[in-house]
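Please look over the sequence and the model first.

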Amino acid sequence: MSSAGPHSSDCAIWASLPVPAFLVDECNMIADVNSSAEGFINASRKSLIGKNVWQKITIDSSIEEAFEKARAQGTPLFVNDVDVGARERSPLQCAVQIAPLQGHEGYMLLMLSPRELAGRLTQNHSAKSAAQSAIGMAEMLAHEIKNPLAGITGAAQLVSMNLSPEDLELTDLIVSESRRIVKLLEQVEQFGNLSEPDFRPVNLHDVLDRARRSALLGFGAHMKIVEKYDPSLPLAWGDPDQLLQVVLNLLKNASEAAGTKGGTITVRTFYEHSFRLRRSDGQGKLLPLQIEITDDGPGLPDNIRDDIFEPFVSGKENGTGLGLALVSKIIADHNGWISVRSEPGQTTVRLSLSRVPREPN
């Protein structure tokens, strides 16, 4: 750490902190950062030292006021549920901890604890459980429902041959609704048909380009897709076909959210070397490869925002609510992480994936 910071014997502790931490001097300039903070801001320690902390992280102005109050009173402060962003990345909801640095007047410690990570770990697990429940339900009900529906559809079509035009509306409704139910069951069965990922090195930009071209030729023809790629992004470890299915689904959702008027989808990739997901068994998995898909549509309804990856939850009229559940299952099978942040005019889905594992020595 810098000469103004704690004794050098504490450097190992400082570097090992699992959350982004900033040492801020009396003028609100960054005196030091740990490796997690470098990853959070996506900038090196050398480039951050000496810069104004509030110019490097975006945070609610009330927190800046609380920060100054904690400095003046010499007391620590803990604030929950604060949106904190950096550079071009979407804000993350964090718990913010502020404390004076003992023995160094005016110096403050600022630590950020992103809350989404723990929640998404549980959500990834629940996605697998929910998907398995959907599989079981589909297998149990497929024969019991599909066969009678086929009979109902056939009977309605036969009856319609001798009906007046007014009564035909009723039989047409029976046929269309029966087909919709069959289609719903078939979509649920996709969970069971999806095999385990065939892991191999994957160039994520190749996957994104394939998805972009497909979208612009079909469902996304009315959209503008902007690419912001990190050209130095290393290869991911995953199944290219399943990852293509994920990206296509997300692009389709973004396109449909825009409606017929169209809009802009921004696809961004970047590397976050300190992004680590800690699992319930205590093991940590590094997920440094980041994909963000952002649209400028109306945003997700408040009542489903927290459950959007669960089966049968949908913000679309007549939607099945299975597309994002399938996306979540695929990412969970890749031992990755998925999150969504949404407000009117900006919805961002973020995928975090692992890179190709190193060969053992």
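## A buried tryptophan

Tryptophan 54 counts as buried because its relative accessibility is 14%; buried means under 20% relative accessible area, exposed over 50%, partly exposed in between (1.4 Å probe, protein chains only). Tryptophan 54 sits in helix α4 (residues 53-56). Helices (H or I, at least four residues) and strands (E, at least two) are DSSP runs, numbered from the N terminus.

## Basis of the model

This is a predicted model: local features need pLDDT of at least 70, side-chain atom pairs count only at pLDDT 80 or more, and totals for chains, interfaces and linings use all residues. Residues are numbered from 1 along each chain as its sequence is written, and side-chain values use heavy atoms, with hydrogens and water left out.

## Salt bridges

The structure holds seven salt bridges. Each is a side-chain nitrogen of Lys or Arg within 4 Å of a carboxyl oxygen of Asp or Glu. One of them joins arginine 45 to aspartate 32, at 2.7 Å from N to O. This pair links distant parts of the chain: arginine 45 belongs to helix α3 (residues 45-48), aspartate 32 to strand β2, 13 residues apart. Arginine 45 is partly exposed at 32% relative accessibility, while aspartate 32 is buried at 0%.

Another bridge pairs arginine 350 with glutamate 272 (2.6 Å, N to O). Arginine 350 is in strand β14 (residues 346-353) and glutamate 272 in the loop between β9 (263-271) and β10 (276-278), so the bridge ties together parts 78 residues apart in sequence. Both residues are buried. Aspartate 198 also bridges to arginine 200, with the closest N and O atoms 2.4 Å apart.

A polar atom of the aspartate 25 side chain is 2.8 Å from the backbone nitrogen of cysteine 27.

## A negative patch

Glu166, Asp167, Glu169 and Asp172 form a negative surface patch. Patch residues have over 30% relative accessible area and no salt bridge, and like charges are joined within 9 Å. Glutamate 169 is in helix α7 (residues 165-193). Glutamate 169 counts as exposed because its relative accessibility is 61%.

Conventions: Patch = residues over 30% accessible without salt bridge, like charges linked within 9 Å, V, L, I, M, F, W, Y side chains within 5 Å. Areas by Shrake-Rupley, 256 points an atom, 1.4 Å probe, with all protein chains shown as cover. Lys, Arg positive; Asp, Glu negative; His and termini not counted. Charge placed at Lys NZ, Arg CZ, Asp CG, Glu CD. Polar contact = N/O pair within 3.5 Å; in protein donor to acceptor, adjacent residues only side chain to side chain.
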